[in-house]
Amino acid sequence: LSIRRQRQMCIRDSIKKDLTQEQLAENMDVSQNYLACIECGRQNMSLAKVLELSQALGINIENLLRFS
């Protein structure tokens, strides 16, 4: 999977785990629109935001950066 696809899946998984896109955006200090654009593949994330995403989701950053 591509990194972009992995991030999309992680964001979708977070929503399934009772964390709304709005809550995730608030935890990451970004707009809900920004997260929606990432989830749809229209926006890229900086490495700093990938780290924030991993922390907000409680997962290891390596899971977001894995190329397999």
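In helix α2, which spans residues 21-28, the buried positions are Q21, L24, A25 and M28, where buried stands for a relative accessible area under 20%, exposed for one over 50%, and partly exposed for values in between, with a 1.4 Å probe and protein chains only. Because these residues cover an arc of only 100° around the axis, they lie on the same side of α2, the arc being that of the directions from the helix axis to the C-beta atoms. E22, E26 and N27, on the other side of α2, are exposed. After α2 comes D29, which has a positive phi near 60°.

## Basis of the description

This is a predicted model, in which local features need pLDDT of at least 70 and side-chain atom pairs count only at pLDDT 80 or more, while totals for chains, interfaces and linings use all residues. Residues are numbered from 1 along each chain as its sequence is written, and side-chain values use heavy atoms, with hydrogens and water left out.

## Overall architecture

The protein contains 5 helices and 0 strands, and its pattern along the sequence reads α-α-α-α-α; helices (H or I, at least four residues) and strands (E, at least two) are DSSP runs numbered from the N terminus. Of the 68 residues in the protein, 37% are buried. The accessible surface comes to about 4,300 Å², and carbon and sulfur atoms account for 49% of it, with areas taken from the Shrake-Rupley method and a 1.4 Å probe.

Among the contacts in the protein with a separation of 6 or more, 51% join residues 24 or more positions apart, a contact meaning heavy atoms within 4.5 Å.

## Packing of α2 against α4

Two packed helices are described by the angle between their axes and the distance between the axes. For α2 and helix α4 (residues 47-57), the axes come within 9 Å and cross at roughly 120°, the axes being lines fitted to C-alpha atoms over the stretch in contact, with angles from 0 to 180 degrees between N-to-C directions. The two helices are therefore oblique to each other, since angles under 35 degrees count as roughly parallel, over 145 as roughly antiparallel, 65 to 115 as roughly perpendicular and the rest as oblique.

At this pairing, L24, N27 and M28 in α2 meet K49, E52, L53, A56 and L57 in α4.

## L64 in helix α5

L64 belongs to helix α5 (residues 61-65) and is buried, with a relative accessible area of 0%. Its C-alpha atom is separated by 7.4 Å from that of V50, a residue 14 positions apart from L64 along the chain.
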